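Hello,

Here is the structure I said I would pass on. My notes on it are below the files.

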Amino acid sequence: MSRKGNKLLTIPQGVTVTINSSDVLVKSAQGTLKVAYPTSMIKVENVDNKIKISRLNDEKQARMFHGTINSNINNALIGLSKGYVKKLKIVGVGFKANVSGAKLNLAIGFSHPVVFDIPQGLKVICPTPTEIVIEGYDKIIVGEFAANVRAVRKPEPYNGKGIMYSDEIIVRKVGKTAEGAGTTAGGAAKK
């Protein structure tokens, strides 16, 4: 039995859920999200203001979809009631970011600025030149945009420079000069 799939989902205040023949439509004042599901394997119903997901058979594919559809609907409910936030920080001398209109501009050590178009439904702000805050109601778009920004200059382990998530821990490595400080080029110890 799928523990995740059997979980009943409570519909938050201010969110309406419409169950159609092959998808679930979740609406609020922030926007609308649609979660599709296979009708031959999964059944979605509204029971006493709670969403119940059950599978129609016990095949492997149906068991796989059971928990996934439950999580996707739960993500839509959370996103349209509370929203999702990803925070990035920039480390490096002269590295900075700013938002102008619907574009995120990054100056991160390249000969040219890197410009990202901000997708519709996202709110991106830079409280300081070295911080980026991405907010939105769709978990997939928020996470994907944050990952694309981070991929431009991933944090490197020697100096710790780059773009990283605010809660990310970078395991630092020791450089060649610090590691071999007690030996000469031939391998003999210094006197």
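The notes cover the pocket, the ring contacts and some of the strand pairing.

Please keep in mind that this is a predicted model.

The largest pocket has a volume of about 190 Å³. Its lining consists of Leu-33, Lys-34, Val-35, Asn-72, Asn-75, Ala-76, Tyr-84, Tyr-137, Asp-138, Lys-139 and Ile-140. Two or more lining residues come from each of β4 (32-36), α2 (60-81) and α3 (139-152). Sorted by class, the lining has six nonpolar, three charged and two polar residues.

Rings. The count of aromatic pairs is one. Phe-116 and Phe-145 make up that pair, in an edge-to-face arrangement, with 5.9 Å from centre to centre and 75° between the planes. The pair connects distant parts of the chain, since Phe-116 belongs to strand β10 (residues 114-117) and Phe-145 to helix α3, 29 residues apart. Both Phe-116 and Phe-145 are buried. Elsewhere, Lys-86 lies over the face of Tyr-165, 5.3 Å from the ring centre.

Strands. β12 (residues 131-136) runs antiparallel to β7 (residues 84-91), and six bridges join the two. Within this pairing, Val-85 is opposite Glu-135 of β12. β12 is also antiparallel to β11 (residues 122-125), to which four bridges join it. Here Leu-122 has Gly-136 in β12 as its bridge partner. β11 and β12 form a hairpin, with five residues between the two strands.

Regards

Notes
Residues numbered from 1 in each chain as written. Predicted model: local features only at pLDDT ≥ 70, side-chain atom pairs only at ≥ 80, totals over all residues. Heavy atoms only, no water. 1 Å grid on protein atoms, 1.4 Å probe; cavity = no way out; pocket = protein on both sides within 12 Å on 5 of 7 lines; lining within 4 Å. Points joined across faces, edges and corners; volume = space filled by probe spheres on them. Nonpolar A, V, L, I, M, F, W, Y, C, P; charged D, E, K, R; others polar. Phe/Tyr/Trp six-rings, centres within 6.5 Å; stacked < 30°, edge-to-face > 60°. Buried < 20%, exposed > 50% of the residue type's maximum accessible area, 1.4 Å probe, protein only. Lys NZ or Arg CZ within 6 Å of the ring centre and 35° of its normal. Pairing = 2+ DSSP bridges.
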